[in-house]
Amino acid sequence: MSSYAELLAQKKLLDEQIANAQKAESEQALQTVLQLVQEFGFTAQQVFPWKPSKPKKKVEAKYRDPETGATWTGRGKPPQWIAGKDRTPFVIA
C-alpha cells in the first residue's frame, strides 16, 4: 500500500503530465482552426457568431396626439405636438 506522501508525489506528476498534454493538444487544435480559417476564408462572425443576449424591449407609448394619432413614449426629446404643454390630456389610458 502506498503512503500518503507517495500518492501526493504521484498526483503532482500526473497533474504536470495532464497540463503538458492539454497544452500540446490545444496548440494542435489552434493550428487546425487557423488552417481552416485561412483555407476557407471564414470571417470572425462566421467562426464566432454573435447574438444579443436579450432582445430589446419595445417601450409602449404613454402619450398620443389626438389630432394626428402620433405617439410618444415619454423618453427623449418631446415631439413638437407636446413640447411645452401640459401632458395630462395626451396620456394614453
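**View 1. Helix H1 and the residue that follows.** The 37 residues of H1 should span 54 Å at 1.5 Å a residue, and the end C-alpha atoms of H1 are 53 Å apart, which agrees (the expected span being 1.5 Å times one less than the number of residues; helices are DSSP runs of H or I with at least four residues, and strands are runs of E with at least two, numbered from the N terminus). Just after H1, Gly41 takes a positive phi of about 70°. This is a predicted model, in which local features need pLDDT of at least 70 and side-chain atom pairs count only at pLDDT 80 or more, whereas totals for chains, interfaces and linings use all residues. Residues are numbered from 1 along each chain as its sequence is written, and side-chain values use heavy atoms, with hydrogens and water left out.

**View 2. The salt bridge between Lys11 and Asp15.** The closest N and O atoms of this pair are 3.0 Å apart (a salt bridge is a side-chain nitrogen of Lys or Arg within 4 Å of a carboxyl oxygen of Asp or Glu). Both residues lie in H1, 4 residues apart, about one turn of the helix.

View 3. Asp65, in the loop between strand S1 (63–64) and strand S2 (71–72), is buried yet has no salt bridge (buried means under 20% relative accessible area, with a 1.4 Å probe and protein chains only). The side chain of Asp65 makes a polar contact with the side chain of Thr68 at 3.0 Å (a pair of N or O atoms within 3.5 Å, where within protein one must be able to donate a hydrogen and the other to accept it, and residues adjacent in sequence count only if both atoms are side-chain atoms).

Conventions: Buried means under 20% relative accessible area, exposed over 50%, partly exposed in between (1.4 Å probe, protein chains only). Lys and Arg count as positive and Asp and Glu as negative; His and the chain ends are not counted.
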